[in-house]
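My entries follow in the order of looking.

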Amino acid sequence: MNETEYKFLVTKNKFYSILSGIKSRYPEARISEKIQINYYYDTDDQYLMSNHTTLRIRQIENKLTLQMKESMPAFKDFSSSRETCRDIKCLMPEITLKEGRYAWIPFALQGSLTTKRISISPEKGLSIDFDMNCYLGICDFEIEMEFKTDCEKFTADLVDDMKLMTFKNQSGGKAYRFFAAKDKLLGGRN
């Protein structure tokens, strides 16, 4: 599956201000909440991250999904990635893929990031995810606007109208921020 999304990293106050604004603007929109935990896998020298790839097991309640997310070059203000997923039965300390570009490399569990997500769908083909992410003693606030191709203009207009580009995430995705924090915590050993 291909994923296209805008990503904004904001302060806690701005996060709740934008959340309130979206709820007011789209009072009939479908809203859902969930807790998800991302368990990140890589080599100790972050081979996958250096290749713009994330390997994770995502847990939502008792459901576990193995996901590989490969970032694609960004030519616009939003990011694109290719994501491969499959359900699994249990969390593992190590994952070795049997096929593909990264086959036969053992990837060890590196840690986890917990997200409290509020999703609002104001338009078919658009999900606005308000994510409070906690990892390694850090809590950050991110807004992701994931959209389908036929909703690109509606999403871009909403981003412009709400002046969100000033908050464009320049720090990288959740996995990148997790690994950067882990490096800092370990004194830059990786």
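Buried means under 20% relative accessible area, exposed over 50%, and partly exposed in between, with a 1.4 Å probe and protein chains only. Helices (H or I, at least four residues) and strands (E, at least two) are DSSP runs, numbered from the N terminus.

I note that this is a predicted model, in which local features need pLDDT of at least 70 and side-chain atom pairs count only at pLDDT 80 or more, while totals for chains, interfaces and linings use all residues. Residues are numbered from 1 along each chain as its sequence is written, and side-chain values use heavy atoms, with hydrogens and water left out.

I then listed the contacts of Met145 (heavy atoms within 4.5 Å). Leaving out residues up to four places away in sequence, Met145 touches Thr4, Glu5, Tyr6, Phe8, Leu126, Ser127, Ile128, Thr155, Leu158, Val159 and Leu164.

Next came helix 3. Which residues of helix 3 (residues 152–161) are buried? I found Thr155, Leu158 and Val159. Seen down the helix axis, the buried residues fall within an arc of 100° and so line one face of helix 3; the arc is that of the directions from the helix axis to the C-beta atoms. The face turned away from the buried side carries the exposed residues Lys153 and Asp160. The cover over the buried residues of helix 3 includes strand 1 (2–10), helix 1 (12–25), strand 8 (126–135) and strand 9 (138–147). Lys163, which follows helix 3, has a positive phi near 55°.

I checked Cys151, in the loop between strand 9 and helix 3. Cys151 counts as buried at 2% relative accessibility. Not counting residues up to four places away in sequence, its contacts are Glu123, Lys124, Gly125 and Leu126.

I checked Gly172 in the loop between helix 3 and helix 4 (174–185). Gly172 is partly exposed, with a relative accessible area of 25%.

Last, the pockets. A pocket is an open set of points on a 1 Å grid over the protein atoms alone, where a 1.4 Å probe fits, with protein on both sides within 12 Å along at least five of seven lines; lining residues have an atom within 4 Å of a point. About 1100 Å³ of space lies in the largest pocket. Of its 47 lining residues, Glu3, Glu5, Lys7, Lys69 and Glu144 are the closest to the centre. The second largest pocket holds about 410 Å³ of space. Its lining has 18 residues, and Leu66, Thr84, Arg86, Leu97 and Glu99 are the closest to its centre. A volume is the space filled by probe spheres set on the points, which are joined across faces, edges and corners.
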